[in-house]
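Have a look at the fold before reading on.

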Amino acid sequence: MAQVSAPVSPVDEDVGSQGPTHEQLHRSYDTFYHMIQNNPFGVYVVDSDFKLRVVSRGSQKVFSTVKPLIGRDFGEVLRIIWSEPFASDAIALFRHTLDTGEPYVSPSTVERRQDIGEVEAYDWRIERITLPDGRYGVVCYFYDLSEHQRWEAALRESEQRLRQMADAMPQIVWVTRPDGYHEYYNRQWYEFTGVPAGSTDGEGWNDLFHPDDQARAWASWRHSLSTGEPYEIEYRLRRHDGEYRWFLGRALAVRDAGGQIVNWFGTCTDIHDQKLQSEELARAKEQAERASEAKSDFLATLSHELRTPLTPVLLTVSLMESNPALPEPLRRDVAMIRRNVELESRLISDLLDLTRIERGKLELDEQDVDLHLIVRSAIDICQREASAKLVVKLEAARHAVRGDATRLQQVFWNLINNAIKFTGNEGFVTVRSSNPQPDCLCVQVSDTGVGIDPAVLPRLFTAFEQGDARSARRQAGLGLGLAISRRLVEMHGGTVHAASEGR
């Protein structure tokens, strides 16, 4: 609202020597007006004629709907702004002070305005004063509490919403002062602990911690209080029925704009079931590891004990088979015995290799080797008994690698022999090499055999996995060859995978 100054009462310039001069009155009014305008409170003046004479800048909001304002009857102004009976009561108070000089201090007043319909609140007082023109007037000082009360109401409403949200949360929620004294708990705290609702005993945790967790939990909390660092720890709290349950306790410092901690906001999340499950899983894992280690020890011992007597048997049947005097029918029987003993020896060797790999005891004798020569050696071994036709296409320009020649030959013997086992007499097994990248050497073994079921592919390189059990029994094996091959390839820093369009 625009501020309008009221003119002073007309003064005859030809006054007697005892009266104030025009210049003196003007200076007095300027001083009076300046004091009102710069008052930190709302201030306005009603003159002896009960008209508004001066309105400070801080009062403009109150009179914003009254136009014109200066020089207007104050009773009329009040009735525009306020409803009855407050308007009439206020008019009577102003007139009483103007007539008697008795000041009036009002308690905090909350009233709904008639002009704009809003509820406003004020602290106010009135006093009689002598105006610069020498007559009496009434000055009103007031402080607008409306914004403050709206802010307090909004704060209470916000706090109430936060408390409702905290009560709806499954976690225990708490708030402490900067020194760590607890001053708020949500509903879950009282339900869990059984303490009387509304109690915020700052040391109420002492009897709740499990004896084995109390010192550790308090030490961690004191550390957070002294450093301002977040608080996070697992501990057991005693429920109202005496049962201890595991909780994850967390707290963060809430800071003001200057970085000072104003309080701590914390939660306790029940992790009891997850904790027990985790402990049970850990025990099960430990038992499984012990069982696996026992199995490996058993297989290693069994393989060694089985292999020892096979060596003289294999030597004996080999000598018998090479004897030129041996009758042909008997030679065929001896050859059959030799093949089965060799097969048994390979199976036992696979068991030994697997246990060594699993226990991390298989060492590689790495040297610079020609992988093509290693692959050809594996092909030569397999070709002796191969019914399918072997097609060799070793086309990689770069085929020197760093590795263990014996173990790499074992890998390719397994892959090629596996392809031969599942490929008929009219089929083909193709072995090819290539350099898909300058620093990469790829060897591919493909066949035209029965194919692999898609359900078997993901576990093809798993120990003791044989895919079609009936076919595996006919082909005599333990399902270890491909598993060992994968481990050996990975130990050399390579990868192996299989692909098939299905059976």
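How closely do the axes of helix α2 and helix α3 come, and at what angle do they cross? This is a predicted model, where local features need pLDDT of at least 70, side-chain atom pairs count only at pLDDT 80 or more, and totals for chains, interfaces and linings use all residues. Residues are numbered from 1 along each chain as its sequence is written, and side-chain values use heavy atoms, leaving out hydrogens and water.

So, to the helices: the axes of α2 (residues 74-81) and α3 (residues 86-100) come within 9 Å and cross at roughly 150°. (Axes are lines fitted to C-alpha atoms, for helices over the stretch in contact, with angles from 0 to 180 degrees between N-to-C directions; helices are DSSP runs of H or I with at least four residues, strands are E runs of at least two, both numbered from the N terminus.) That makes α2 roughly antiparallel to α3, a label for angles over 145 degrees. On the α2 side, Phe74, Gly75, Leu78 and Arg79 make the contact, meeting Ala87, Ser88, Ala90, Ile91 and Phe94 of α3; contact means heavy atoms within 4.5 Å.

Now for the sheet. Five strands form an open sheet in the order β8-β7-β11-β10-β9, with antiparallel pairing; strands pair if DSSP finds at least two bridges between them. At the edges sit β8 (182-185) and β9 (231-238), each pairing on one side only. β9 pairs with β10 (residues 244-255) over eight bridges, and Ile233 has Gly249 in β10 as its bridge partner. Helix α6 (residues 214-227) lies across β7, β9, β10 and β11, running at about 145° to β9.

Terms used:
Angles under 35 degrees count as roughly parallel, over 145 as roughly antiparallel, 65 to 115 as roughly perpendicular and the rest as oblique.
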